[in-house]
Amino acid sequence: MTTLKEQTIIQEEFKNRMNEDELLNCMRCGFCLPSCPTYVESGFKETHSPRGRIALMKAVADGLIEPDEDVERSLDLCLGCRACEPVCPSGVKYGHLLEEARDIIIQNKKHSLPVKAVRSLVFNGLFPHQNRMRAAAGLLGFYQRSGLQSAARKTGMLNWLPKNLTAMEKVLPQVPKLKEMKNRPSYLSADKPIKKAAFFTGCLMDTMFLETNNATIKLLQLAGCEIHISQNQACCGALHGHSGEKQTAKSLAKRNIEAFEKLDADYIITNAGGCGAFLIDYGHLLKDDREWHERAVNFSQKLKDISEILYELEFHKKVNLELPGQIITYQDSCHLRNVMKTSTAPRTLLNSIKGIEFREMKDADRCCGSAGIYNIVESEMSMQILDHKMIQAKSADAAVIVTSNPGCLLQMKLGIEREGLSGNVKAVHIADILLEAAVDKKK
Amino acid sequence: MVDVQIKEKLIAVVGAENYDDSKAGRLVYSYDATPNFQSMPDAVISPRNTQEVSSILNICSSSGIPIVPRGSGTNLCAGTCPTEGGIVLLFKHMNKVIEIDEENLTVTVQPGVITLDMINEVEARGLFYPPDPSSMKISTIGGNINENSGGLRGLKYGVTRDYVMGLEAVLAGGDIIRTGGKLAKDVAGYDFTRLLVGSEGTLGIITEATLKLIPLPESKKTMLALYQDLEQAAKSVSKIISDKIIPATLEFLDQPTLKAVEDFAQIGLPTDVQAVLLIEQDGPIEVVEKDMQKMAEICKKQGAVSVQLANSEMEAEALRTARRAALSALARLKPTTILEDATVPRSEIANMVKAISEISKKYGLSICTFGHAGDGNLHPTCPADARDKDEMERVENAFEEIFIKAIELGGTITGEHGVGVMKAPYLELKLGQAGIDAMKAVKTALDPNNILNPGKIFAKDDRKRVVVAQ
């Protein structure tokens with residue numbers, strides 16, 4: 001519930017903070033409508049479309065309507081997949097508008113005490129601190145290894161959880177041991193290095209998906225990069241930025257910019273589409289900060305996704321890639337595709353694997369419904385989107401669904417679990433499958 | 001606000017889930033794609049079938065509540081903006097292709113079906129529905145019929161009107177009528193099908209349509225002709241037609257439009273030339289090749305600096321898609337994008353292009369022009385800022401001059417976007433007082449309580465304005 005007093009403050013903030021030019025830039029042509037998953041899934045409700053959401057933001061800023069619960073609901077239900085941006089001929093930066101609107105609402109709303117405590121713990125106490133992320137992941141690892149997990153499953157204790165969280169519990173990867181997570185070197189050489197790459201390890205990727213990070217590093221080495229890993233880097237801040245915690249996002253951004261400036265690398269490499277899209281937007285995040293804006297832009301200019309850099313350095317031509325016969329399909333990471341504009345590189349790389357058939361699934365460019373923590377907070381819509389996604393995946397008849405982002409990866413695993421396809425179909429990160437396919441990786 | 005008792009009656013018809021009078025729910029249907037028009041409806045209703053539409057109209061006519069039918073809200077004349085409040089009627093439940101009749105070559109659809117979805121379905125059967133408004137990926141057939149939409153293929157194949165064979169419509173009081181049918185010939189009484197097409201929802205609510213299909217052309221080729229002179233491009237258009245070639249598409253884009261579109265589409269459009277013509281021909285391959293060659297020669301003779309043939313269907317589709325995005329792409333230049341669709345006989349296209357450029361100079365505006373040059377339907381577009389009162393006044397005056405010029409050349413104030421509210425003050429220019437009176441008589445006869453999309457087509461007074469509210 002938002003009180004009337006809060007609504008008045010929020011309205012005032014909309015007037016002051018929302019970018020009027022950007023709101024006016026939407027000429028309401030509706031070209032975005034077919035691209036919006038929530039518009040389609042809601043049965044064509046304009047309140048759940050980009051055009052409708054922009055109109056609502058503008059109406060609040062103009063004082064035409066109050067930021068009531070329905071307005072908030074409309075903004076909450078947005079996946080933030082930004083599929084509306086590349087199809088917008090006017091070039092409206094919807095993602096920026098959404099971020100600002102959410103920040104205004106969250107920051108001016110009094111949360112109930114428990115919600116406040118959880119938000120503070122997650123956003124300020126956990127994600128900004130890699131050691132705590134490791135500890136948290138370590139706990140999960142302990143749960144998985146100690147026998148607690150099988151006990152919990154056997155006793156039916158997990159039935160207390162909402163259904164999709166129970167399924168989520170099943171698909172979480174085996175967390176590496178704490179020691180492995182801590183042993184990250186800061187420099188790795190290549191045979192004949194042609195480029196200097198700095199690796200953005202990511203908070204989730206470097207704990208729960210440590211193996212994928214290791215694979216990414218090996219691939220970079222095979223492509224001829226020497227690798228630098230700063231120990232001072234932090235979480236990218238995407239989770240904060242998308243959840244209305246812009247201030248924390250800004251301080252995380254500054255920490256990262258500083259950490260990577262020192263390395264003076266040719267590229268900054270990420271293997272998570274969600275992180276990449278936020279990192280590439282640091283310039284916008286810090287646009288009003290005179291001291292940091294230019295440094296942020298320099299940082300973002302060096303940023304590339306792993307598949308983009310491998311493609312550019314012709315990894316697929318230099319390294320022999322081969323796998324046993326099977327059908328492989330690719331699910332785009334929305335942020336990698338719509339914000340980082342990387343969609344052909346991963347497909348070209350996968351297509352270069354000998355022995356396999358790469359088969360495009362229908363609507364591969366449509367969000368899978370993961371969207372950060374969306375699948376937990378908006379699980380009903382998320383599962384509806386996921387179920388439609390799985391219909392497409394099944395009709396492609398693929399044995400492997402490849403993705404480029406940890407959230408998408410977990411969601412695809414969840415989809416496989418929900419459809420009862422475990423054992424026949426698997427979901428993997430593109431770095432893992434490329435390394436598996438690299439025949440001469442031992443050299 | 002809708003009276004509580006009437007609200008209950010309406011909910012009894014459509015169900016609570018299809019009746020929305022929340023503020024947010026109403027706000028998102030307070031606009032369409034027309035700049036500077038916004039007005040809140042009192043409620044938004046989504047009927048599930050013709051019978052429900054009939055019941056709704058019955059309730060509304062006795063209580064005098066305005067009804068505004070709305071497809072996807074992509075129209076450009078404020079035709080679906082509920083300027084007098086009332087109820088916005090949505091067709092999201094009535095969105096099925098009912099039947100494709102391969103013996104009679106017809107398709108029967110509900111109004112809410114998306115134009116492109118239907119086109120794809122009929123093309124899968126080797127059939128062809130030519131009208132292709134630029135918004136076809138979003139627009140509905142119901143919207144197309146109500147606005148009599150045109151498109152890129154209008155020159156050779158005609159517009160929506162030419163493909164509507166029969167309609168089911170609900171009249172103001174709730175009576176259901178059927179007009180026309182799957183008939184090549186039918187002279188039984190007045191041609192109500194044609195009357196309803198393009199009536200902008202002011203005469204009845206269309207609930208079903210039977211559309212004409214033709215065989216899908218067996219081949220198609222696409223090319224771009226580049227010019228350093230606007231008039232040479234316009235003259236090429238007239239020359240092609242007078243040489244007895246009717247291409248499937250003959251589109252014109254000037255340099256500012258090309259730049260904006262390329263900025264969005266990034267497909268390598270030439271931005272260093274003053275204008276291009278996008279030319280297409282379809283049909284039997286021999287005819288297509290011969291026509292394309294002849295047209296290329298004409299263009300070069302008229303001064304085209306180069307003529308480039310698209311190498312693949314993918315390339316051709318990219319060009320068409322880019323052209324369709326032209327208006328929205330121009331919106332990236334300035335906050336308010338005012339667009340018109342004055343239309344002249346095709347022989348006058350060069351004169352019109354020249355007049356537009358003179359008028360834009362006179363008023364110190366930058367007017368970008370693109371459009372369906374082949375059928376004389378141009379889209380002079382003015383990137384402006386609604387917050388700049390002086391500029392908006394100049395835009396208003398410039399467009400008035402453009403309308404007058406179009407009429408002078410034997411043209412019309414709107415070729416395919418409709419009158420709506422936006423062009424209502426200028427309708428008299430085209431029709432004269434007697435013409436307006438005759439149309440009003442039809443409106444009054446069919447909708448005596450004036451509940452069907454009131455305030456559209458006919459201006460409330462003779463104040464001339466496109467964009468400047470007073």
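Two residues are taken to be in contact if their C-beta atoms, placed from the backbone, lie within 7 Å. In the predicted model described here, the contact between the chains draws on 27 residues from chain A and 28 residues from chain B. On the side of chain A that touches chain B, the elements that give two or more residues are α2 (20-25), α4 (50-62) and α5 (69-76) of chain A, and the largest share, 4 residues, comes from α4(A).

The domain assignment divides chain A into domain 1 (4-107), domain 2 (113-172), domain 3 (179-310) and domain 4 (318-437). Between domain 1 of chain A and domain 2 of chain A, the C-alpha centres are separated by 33 Å.

Helix α17 of chain A, formed by residues 290-301, has A:W292, A:A296 and A:F299 among its residues, and these three are buried. When the helix is viewed down its axis, the buried residues of α17(A) fall within an arc of 60°, and they therefore line one face of the helix. The face turned away from this buried side of α17(A) carries A:R290, A:E294 and A:Q301, which are exposed. The cover over the buried residues of α17(A) includes α14 (246-261), β4 (267-270) and α16 (282-285) of chain A.

Chain B contains 15 helices and 18 strands. Its radius of gyration is 22 Å, close to the 23 Å that the globule rule gives for 470 residues, so chain B is as compact as a globular protein of that length. The C-alpha trace of chain B spans about 70 × 60 × 40 Å along its principal axes, and 55% of the 470 residues of this chain count as buried. Of the contacts in chain B between residues at least 6 apart in sequence, 73% join residues that are at least 24 apart. An unreviewed UniProt entry annotates residues 37-216 of chain B as "domain: FAD-binding PCMH-type"; in the model, the end C-alpha atoms of this span lie 39 Å apart, and the span is 22% helix and 24% strand.

In soluble globular proteins, nonpolar side chains tend to be buried together. The largest nonpolar core in the model comprises 261 residues, of which A:L219, A:I269, A:L434, B:A225, B:V276 and B:L277 touch the most other members. When residues up to four places away in sequence are not counted, A:I269 touches A:A197, A:A198, A:F199, A:F200, A:L220, A:K304, A:I306 and A:I309.

Methods:
Residues are numbered from 1 along each chain as its sequence is written. Chains are lettered from A and ligands numbered from 1 in the order in which they are written. This is a predicted model: local features need pLDDT of at least 70, side-chain atom pairs count only at pLDDT 80 or more; totals for chains, interfaces and linings use all residues. The radius of gyration is taken over C-alpha atoms; the globule rule is 2.2 Å times the number of residues to the power 0.38. A residue is buried if 20 or more other C-beta atoms lie within 10 Å of its own, exposed if 12 or fewer, and partly exposed in between; C-beta atoms are placed from the backbone. Domain bounds come from an automatic or database domain assignment. The arc is that of the directions from the helix axis to the C-beta atoms. UniProt positions are given in the numbering used here, feature names are shortened, and annotations may be inferred rather than shown by experiment. A nonpolar core is a set of buried Ala, Val, Leu, Ile, Met, Phe, Trp, Tyr and Cys residues joined through C-beta atoms within 7 Å.
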